[in-house]
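Let's take a walk through this model together, a stop at a time. Have a look at the fold below before reading on.

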Amino acid sequence: MDTRFAITDYVDAKAVTEKLDNLIRQPIYTIKPDALKAYEENYFEKKCPKSKAMIEEAKQIIPGGVQHNLAFNYPFPLVFTKAEGAKLYDIDGNEYYDFLQAGGPTVLGSNPKEVRDQVIDLLNTCGPSTGLFHEFEYKLAKKISDSVPTVDMFRMLGSGTEACMVACRVARLATKKKYILKMGGAYHGWSDQLGYGIRIPGTKFTQAHGVPIRLMRDTQEFFPNDLNDLERKLRKNQLCGGTAAVFIEPVGPESGTRPLSKEFNKGVERLCRKYGALLIFDEVVTGFRIGMAGAQGYFGVEPDLTIFGKAIAGGYPGAGGIGGKREYMKYMGAGLDGAQKIKKAFCGGTMAATPISCCAGYFALEEIDRQNACYKAGVMGDRITKGLNHIIDKYNLPFVAFNQGSICHMETVGTMHFAIDWSKPWSIPKILKETDIRKKEMTHMGAAYMAEGLVTLAGSRLYTSAAYTEEMIDDALSRFDRVFSHVAMKQD
């Protein structure tokens with residue numbers, strides 16, 4: 001097994017945080033209005049007419065016109081019809097560099113032939129789903145267990161959201177404790193109780209519209225990089241039901257948008273052991289992207305449970321699962337372990353662990369391992385981040401670029417670096433208004449990137465894959481340079 005990790009030099013979290021602090025104190029720098037208008041007229045209107053027409057029709061029967069938040073793009077979403085390696089192609093025939101990578105799962109690049117051929121063979125023989133056991137369920141689980149030392153057992157589910165939901169249930173059954181503590185700003189899916197404290201630290205229930213507040217009463221958040229805050233809450237919880245689990249994204253909330261110090265995860269592990277809470281690593285993004293052993297292998301931490309998603313189905317549907325120590329995974333038993341007289345975590349999923357998802361996942365992980373894809377993608381992440389920082393300096397902009405291997409961040413407005421302090425309630429409306437303004441400018445920057453043939457995640461995050469070459473990265477950087485040449489301080 002490839003033991004190299006995508007991260008060659010770990011980000012200086014303190015230095016990056018200081019830069020991000022400075023970014024949100026600065027006036028907003030964004031694409032000039034005349035440049036944005038030119039992109040709209042010369043690119044989107046002239047070169048994307050089929051996309052525009054289809055989205056106008058789609059809006060009549062699909063709320064918002066698209067089925068997934070990642071598909072939104074200003075001034076209108078584009079319709080993509082082909083994905084191959086590091087490139088995407090839209091319905092009008094335009095070509096793009098793919099830095100979205102379907103939100104992160106395609107570490108090999110999009111639609112690799114080595115995986116596609118195996119899936120086609122499966123479809124010709126078994127079909128996508130039977131509702132019964134298939135050999136690839138075992139093969140995928142064994143590959144994950146062999147790769148990640150803390151995973152004695154693994155159960156496939158339909159999504160990372162489902163895996164996070166059931167992890168809460170397992171933790172409460174195993175510890176007989178009450179509270180779930182999560183890092184403020186982190187995203188662990190969109191279930192009722194874990195919709196608490198998302199996007200920016202301190203949001204509590206304010207971003208989970210439609211969820212009754214009472215359903216979040218046993219969920220709490222702690223501030224990123226603050227072990228003292230975490231311990232205060234663990235200690236307080238001892239008096240009123242205890243903490244069942246601490247959830248953490250190991251590189252920081254929102255896939256490392258607010259980076260953690262390299263030592264922080266070890267500190268969280270120590271506190272979990274001290275207070276008897278399960279440590280749950282959400283490796284939906286980092287699992288098989290940071291390395292075959294996950295971010296936990298890189299940081300040298302042993303979580304009790306690990307949430308998987310994205311890469312474990314190789315970009316095919318059905319990407320979610322939970323793995324961990326045998327003593328906790330016994331609460332996930334669904335079949336031949338009836339002799340164990342324990343309560344089982346309430347969990348289902350008719351379309352979980354389908355032959356197509358397990359086949360695709362198994363061969364994708366085999367190829368990631370064989371090709372040293374995590375390391376290669378990380379090298380490309382280093383290259384583009386270095387280049388972005390050079391362009392930022394060239395134009396004397398307050399932007400912040402950093403990466404954790406192949407997870408790259410290009411912060412132009414720092415929307416997610418804000419935090420809400422509930423001891424100062426009068427400041428909350430102002431902060432929420434400011435983040436809305438900055439989010440709008442982030443979409444304008446994303447539109448400029450798109451018009452230059454660069455598909456990003458919300459204009460602020462980029463994933464690199466093993467399909468990239470140095471020449472591709474350098475070409476992409478020249479396109480970022482053109483966008484940044486049109487940036488100026490926003491005028492009121």
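Start with Gly-291, which touches Arg-4, Phe-5, Thr-286 and Cys-374, leaving aside residues up to four places away in sequence; contact here means heavy atoms within 4.5 Å. Keep in mind that this is a predicted model, where local features need pLDDT of at least 70, side-chain atom pairs count only at pLDDT 80 or more, and totals for chains, interfaces and linings use all residues. Residues are numbered from 1 along each chain as its sequence is written, and side-chain values use heavy atoms, with hydrogens and water left out.

Where does Gly-291 sit? You'll find Gly-291 in the loop between strand 9 (278–282) and helix 10 (294–299). Helices (H or I, at least four residues) and strands (E, at least two) are DSSP runs, numbered from the N terminus. Gly-291 has a relative accessible area of 0%, so it is buried. That word means under 20% relative accessible area, while exposed means over 50% and partly exposed is in between, using a 1.4 Å probe and protein chains only. Gly-252 lies 39 residues from Gly-291 along the chain, and their C-alpha atoms are separated by 16 Å.

Ser-255 has a positive phi of about 60° although it is not a glycine. Ser-255 belongs to helix 8 (residues 253–256), and it counts as buried because its relative accessibility is 5%. Ala-102 also isn't a glycine, and its phi is positive at about 60°. Is Ala-102 buried or exposed? Ala-102 is exposed, because its relative accessible area is 52%. Look for Ala-102 in the loop between strand 4 (95–98) and helix 4 (113–125).

Now find the peptide bond from Tyr-74 to Pro-75, which is cis, with omega near 0°. Pro-75 is in the loop between helix 3 (49–58) and strand 2 (80–84). Tyr-74 turns up again as one of the residues that His-444 touches, along with Thr-30, Ile-31 and Leu-36, again not counting residues up to four places away in sequence. His-444 itself is part of helix 14 (residues 428–451), and with 9% relative accessibility it counts as buried.

How do the helices pack? The axes of helix 5 (residues 135–147) and helix 12 (residues 355–370) come within 8 Å and cross at roughly 35°. Axes are lines fitted to C-alpha atoms, for helices over the stretch in contact, and angles run from 0 to 180 degrees between N-to-C directions. This crossing of helix 5 and helix 12 is left-handed, meaning the near helix is turned anticlockwise from the far one by less than a right angle; clockwise would be right-handed. Among the residues that meet are Phe-136 and Leu-140 in helix 5 and Tyr-362 and Phe-363 in helix 12.

Helix 13 (residues 373–394) and helix 15 (residues 470–484) make another pair, with axes 10 Å apart and an angle of about 25°. The contact includes Met-380 and Leu-388 of helix 13, and Leu-477 and Phe-480 of helix 15. Leu-477 and Phe-480 are also among the buried residues of helix 15.
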